[in-house]
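Trainee: Hey, can we go through this one together? I'd like to start with the backbone and then get to the ligand.

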Amino acid sequence: MIHSEINELVAILRRMFPKGAALHEPKFELKEKEYVADCLESGWVSSAGAYIEKFENNLCQITGHQHAIATVNGTAALQVILQTAGMQQGSEVLLPSLTFVGTANAILNGGGIPHFVDSEPHSLGPDPRKLENYLERIVVFKDGEPFNQRTSRRIFGLVPVHLFGHPVRGDSLKEICSRYKLQLIEDAAESLGSKSNGRHVGHSGLAAILSFNGNKIVTTGGGGAILTNHSELAARTRHVVNTARLRHSWEFLHDMQAFNFRMPNINAALGLGQLERIDTLVTKKRSLHAAYRRELRQISMGQLFAEQAGCNSNHWFNVFLLSSPDRAIRDAILQSTNQVGIQTRPVWKLLHQLEFLKGFPKDDLSQAEILQDQIICMPGSPHLADEMEVA
Ligand SMILES: *Cc1c(COP(=O)(O)O)cnc(C)c1O
């Protein structure tokens, strides 16, 4: 019974993608080639140049943030903003276990302690009620600051992740964070172009980060960005991202220890052309999602994960969710789709199960563990939508 359904699923996917499909790959157009060529021509390929500023301005237009700071990658962006926002050495930062390892690495690299919380099946983000219950049990306030009474460490904040482009429950998380005096910094690495209640994601807390890695909706080869509406924080962050160099016409003056995390101009040139057509990219990804929805209707062992009411996801990857968690069925589907050139993947191994992250504090993570055995990520490249129209 299950096996014939797996065969049916594979047959549908092969019909949708006769030439096979990668999980996510970029397709560059004339604009990018022009901008990159122009950048090479100018000689300004490194950490100064006009494309970085254009790229940042364009990001502000798309997301509605007042400030965007382009960085070498998303992990670096998250590390820096955590530090400039006040994460101290040894303070704990809450994050879902169901995320990419970069979220935890950014916390660790900045001197923080990752502290894992559970996710929910509705948004794939942190479960607000469970989070609140947990905080009620572990938080004590000392001089108005939240501490984990089990470890005696300060809890700095929460980093929710808009998984696969699906917005988290920002309003509830914001409310909980303000009650517990936690900073809220959003990992929006996967969700450029995603909206919640008509607004681009990344406005629930102090700041948000994006990634422009090769498999994201817009890529600069490698890259990231920090988004915030907080002007003073933006100015300080921009300063430490770029070696804390003071303005001077010829002298090298730096007023503090800092990072060299600025995005190079050539990477910004590559990304700018894609940013200029972000609406088209999102529309294509959404129509690909609609096609999956139509085609997979008759499959009963699971269904396509749908966006929540009020949300507009960029559907970075398309998530097929098994109705009941079953590692063997999940792996059988992964096996038979990859075998025929349809690239599918499970969700990342839960972070608290990775050897180097096992010793860190955590809540009960049973929902994340269930989701791990339900999620199958399916191809999401925007151009797949065009290829299907032709087919
Ligand atoms: C891609 C990604 C990052 C990190 O991005 P890099 O640019 O690769 O450093 C962080 N968090 C999540 C959820 C991601 O998907």
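Mentor: Just after helix 8, T243 takes a positive phi of about 60°. Helices here are DSSP runs of H or I with at least four residues, strands are E runs of at least two, and both are numbered from the N terminus. This is a predicted model, where local features need pLDDT of at least 70, side-chain atom pairs count only at pLDDT 80 or more, and totals for chains, interfaces and linings use all residues. Residues are numbered from 1 along each chain as its sequence is written, and side-chain values use heavy atoms, leaving out hydrogens and water.

Trainee: Why point out a positive phi?

Mentor: Because most residues other than glycine have a negative phi.

Trainee: OK, and what is the phi of D143?

Mentor: D143 has a positive phi of about 50°, and D143 is not a glycine. D143 sits in the loop between strand 4 (139–142) and strand 5 (145–148).

Trainee: Is D143 buried or exposed?

Mentor: Exposed, with a relative accessible area of 82% for D143. Buried means under 20% relative accessible area, exposed means over 50%, and partly exposed is in between, using a 1.4 Å probe and protein chains only.

Trainee: And F164, buried or exposed?

Mentor: F164 is buried, at 1% relative accessibility. Its phi is positive too, near 55°, and F164 lies in the loop between strand 6 (153–158) and helix 7 (170–179).

Trainee: Back to helix 8. Which of its residues are buried?

Mentor: In helix 8 (residues 231–241), they are L233, A234, T237, V240 and V241. Down the axis of helix 8, these buried residues fall within an arc of 135°, so they line one face of the helix. That arc is taken from the directions from the helix axis to the C-beta atoms.

Trainee: What covers them?

Mentor: The cover includes strand 1 (67–71), helix 4 (74–84) and strand 11 (224–228). Contact means heavy atoms within 4.5 Å.

Trainee: New topic: how many residues surround the ligand?

Mentor: 14, and the closest are G74, T75, E190, S211 and K216.

Definitions and conventions:
Near = heavy atom within 4 Å.
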